[in-house]
Amino acid sequence: MELNFGMDFEDYFPSMIARFGAEGFISELCNGFRLLMDVDKGLITFESLKMNCSMLGLEVRDDELVCMLMEGDLDGDGALNQMEFCILMFRLSPCLMDGPKICTRTHQGVDSMSI
């Protein structure tokens, strides 16, 4: 399944790793996590993701936000902890991994993950 959102994706992760080193890169990912997380829960939740997208001027539908969370939610709690976020960021980097899974929607809502 090929998605076309009318924009090109440039993977900056390899150049960030080259510039900051592995530890510095992980530190930057953790900074990104802290920017998106719900401060009280220490997790990236649907609400924190929606609020931060809005603050960044991004118009993202609720079902797309749910897909984002589902993509990285390894423990099934509906939110992303710091480790899940970092793993997801690596998985979404075409240069670091084989390729991400894509969340698909059915007529009943978010259904499954497929490649």
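Start by selecting Asn-81, which caps the N-terminal end of α4. One of its side-chain oxygens lies 3.0 Å from the backbone nitrogen of Met-83. That pair is judged as a polar contact: N or O atoms within 3.5 Å, where, within protein, one must be able to donate a hydrogen and the other to accept it, and residues adjacent in sequence count only if both atoms are side-chain atoms. Helices here are DSSP runs (H or I, at least four residues), numbered from the N terminus, while strands are E runs of at least two.

A word on what you are viewing: this is a predicted model, in which local features need pLDDT of at least 70 and side-chain atom pairs count only at pLDDT 80 or more, while totals for chains, interfaces and linings use all residues. Residues are numbered from 1 along each chain as its sequence is written, and side-chain values use heavy atoms, with hydrogens and water left out.

Next, select α4 itself, residues 82-91. Which of its residues are buried? They are Glu-84, Phe-85, Cys-86, Leu-88, Met-89 and Arg-91. Buried means under 20% relative accessible area, exposed over 50%, and partly exposed in between (1.4 Å probe, protein chains only). The buried residues of α4 pack against α1 and α3.

Now pick Phe-85 and show its surroundings. Leaving aside neighbours within four places in sequence, Phe-85 is in contact (heavy atoms within 4.5 Å) with Leu-29, Gly-32, Phe-33, Leu-36, Ile-44 and Leu-80.

Phe-85 also leads you to the largest nonpolar core, which has 16 residues. Such a core is a set of buried Ala, Val, Leu, Ile, Met, Phe, Trp, Tyr and Cys residues joined through side-chain atoms within 4.5 Å. Select Leu-29, Ile-44, Leu-49, Leu-80, Phe-85 and Met-89 to see those with the most contacts inside the core. Colour α1 (13-36), α2 (46-55), α3 (62-72) and α4 (82-91), and you have four helices that each supply at least two core residues. The biggest giver is α1, with five. In soluble globular proteins, nonpolar side chains tend to be buried together.

Move on to Cys-30 and Cys-86. The structure's disulfide count is zero. Both cysteines are buried, Cys-30 at 12% relative accessible area and Cys-86 at 9%.

For the last stops, look for charged pairs. The structure holds four salt bridges, each a side-chain nitrogen of Lys or Arg within 4 Å of a carboxyl oxygen of Asp or Glu. Select Asp-62 and Lys-50, whose side chains meet at 2.7 Å, N to O. Asp-62 lies in α3 and Lys-50 in α2, so this pair ties together parts twelve residues apart in sequence. Asp-62 is partly exposed at 37%, and Lys-50 is partly exposed at 38%.

Finish with Arg-61, Asp-63 and Glu-64, which are linked in a network of salt bridges. Arg-61 meets Asp-63 at 3.0 Å, N to O, while the closest N and O atoms of Glu-64 and Arg-61 are 3.6 Å apart. Here Asp-63 is buried at 18%, whereas Arg-61 is partly exposed at 42% and Glu-64 is partly exposed at 26%.

Methods: Disulfide = S-S within 2.5 Å.
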